[in-house]
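I opened this model to look up salt bridges, surface patches and one annotated region. My entries follow in the order I made them.

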Amino acid sequence: MDHPAKWRTPLLEHLYLKLFQFLMLTSPFYFCSGIIQVNKTVKEVAVLSCDYNISTEELMKVRIYWQKDDEMVLAIMSGKEQVWSKYENRTFTDFTKNLSIVILALRLSDNGKYTCIVQKIEKGSYKVKHMTSVMLLVRADFPVPSITDLGNPSRNIKRIMCSTSGGFPKPHLSWLENEEELNAINTTVSQDPETELYTISSELDFNITNNHSFVCLVKYGDLAVSQIFNWQKFEPPPPDNSFLLWVIVVVSGIFVITVIKGICSAYRLAARCRRKRNEEGMDMEKITPINIGSAQASV
């Protein structure tokens with residue numbers, strides 16, 4: 001994007017700061033009480049609008065100052081732009097978008113209130129014609145929390161820990177079950193002094209004899225990340241009836257075999273009896289009758 005070359009003439013930064021603070025104090029009627037809020041994440045690009053249109057011809061006749069809290073960001077005088085060292089090579093003015101400043105590769109240290117002042121020459125001196133502020137909130141997103149098992153501190157009690165790190169702003173962690181907050185233990189929040197990123201962890205004890213579904217919720221700013229932990233109580237396995245079933249099958253098989261053998265034995269016995277009766281009947285038929293009269297005469 002085209003914009004005027006940076007002003008390389010050395011300037012006394014404290015003079016700009018004093019001038020800006022003087023403008024802030026002496027021009028209350030130009031301050032807008034409704035501050036626009038811009039939310040961004042680390043390494044993104046922020047565009048902060050001065051909310052003031054100006055033509056190219058007017059640019060040579062105005063002074064534009066951008067300040068973050070109590071430090072200078074950039075200044076434009078006679079159409080030339082100077083960027084302070086902290087923002088150099090990553091900040092410039094977009095004159096086509098209401099004198100917006102564009103900040104590249106956002107850092108957590110870029111958090112703060114940015115104020116824009118526009119001065120115009122009037123009766124031979126510069127007077128404030130516009131002032132507006134923008135609140136820039138830079139965050140670093142937390143990854144989804146991880147939940148680890150810390151063992152059993154006592155019988156029927158299990159302890160778990162939820163933790164996440166590498167985010168900003170300062171987080172708040174809570175344990176929930178059925179949308180009700182639980183009593184956590186050993187909740188700690190720490191911040192790296194160099195990166196300003198936060199780490200948070202918290203522990204929870206629960207009874208393992210009941211089923212549970214816990215939610216570890218980490219809120220930071222207007223955002224949140226969460227993780228779910230489900231617990232199923234121990235159920236004793238059903239009794240192993242395979243041996244009993246095997247015994248029943250064996251006994252039933254022996255019983256069936258015995259019955260079949262009994263039937264077969266009875267059938268064979270009945271067959272032998274029938275054969276024996278038939279044989280006795282045939283023997284009886286072979287006996288010749290005795291003539292009783294002849295037997296008496298011989299006597």
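**Entry 1: Thr 96**

I located Thr 96 in the loop between β6 and β7 (100-103). Strands here are DSSP runs of E with at least two residues, helices are runs of H or I with at least four residues, and both are numbered from the N terminus. I note that this is a predicted model, in which local features need pLDDT of at least 70 and side-chain atom pairs count only at pLDDT 80 or more, while totals for chains, interfaces and linings use all residues. Residues are numbered from 1 along each chain as its sequence is written, and side-chain values use heavy atoms, with hydrogens and water left out.

Is Thr 96 buried or exposed? I find Thr 96 exposed, with a relative accessible area of 68%. The classes are buried under 20%, exposed over 50% and partly exposed in between (1.4 Å probe, protein chains only). I also looked up Thr 56, which is 40 residues from Thr 96 in sequence and 9.6 Å from it in space, C-alpha to C-alpha.

**Entry 2: salt bridges**

How many salt bridges does a search of the whole structure find? The search returns ten. The criterion is a side-chain nitrogen of Lys or Arg within 4 Å of a carboxyl oxygen of Asp or Glu. Side chains of opposite charge can pair when their charged atoms come close.

- Lys 86 and Glu 71 form a salt bridge at 3.4 Å, N to O. Lys 86 is in the loop between β5 (80-83) and β6 (91-94) and Glu 71 is in strand β4 (residues 71-77), so this pair ties together parts 15 residues apart in sequence. Lys 86 is partly exposed at 31% relative accessible area, and Glu 71 is partly exposed at 23%.
- Lys 127 and Glu 122 form a salt bridge, with the closest N and O atoms 3.9 Å apart. Lys 127 is partly exposed at 37%, and Glu 122 is partly exposed at 28%.
- Arg 159 and Asp 205 form a salt bridge, with the closest N and O atoms 2.7 Å apart. This pair links distant parts of the chain, 46 residues apart: Arg 159 is in strand β11 (residues 157-167) and Asp 205 in strand β15 (residues 198-207). Arg 159 is partly exposed at 24%, and Asp 205 is partly exposed at 32%.

I then checked for shared partners: Lys 68, Asp 69, Glu 71 and Lys 86 are joined into one network by such salt bridges.

**Entry 3: the annotated region and helix α2**

The unreviewed UniProt entry lists residues 243-267 as "transmembrane region". UniProt positions are in the numbering used here, feature names are shortened, and annotations may be inferred rather than shown by experiment. In the model, residues 243-267 are 100% helix and 0% strand, and the end C-alpha atoms are 36 Å apart.

**Entry 4: surface patches**

Patches take residues with over 30% relative accessible area and no salt bridge, joining like charges within 9 Å and nonpolar side chains (Val, Leu, Ile, Met, Phe, Trp, Tyr) within 5 Å. Accessible areas come from the Shrake-Rupley method with a 1.4 Å probe.

I found a nonpolar surface patch of Phe 255, Val 256, Val 259, Ile 260 and Ile 263, together giving about 470 Å² of accessible area. Val 256 is in helix α2 and is partly exposed at 44%.

I also found a positive surface patch of Arg 268, Arg 272, Arg 274 and Arg 275. Lys and Arg count as positive, Asp and Glu as negative, and His and the chain ends are not counted. The place of a charge is taken as NZ of Lys, CZ of Arg, CG of Asp or CD of Glu. Arg 274 is in helix α2 (residues 242-286) and is partly exposed at 41%.
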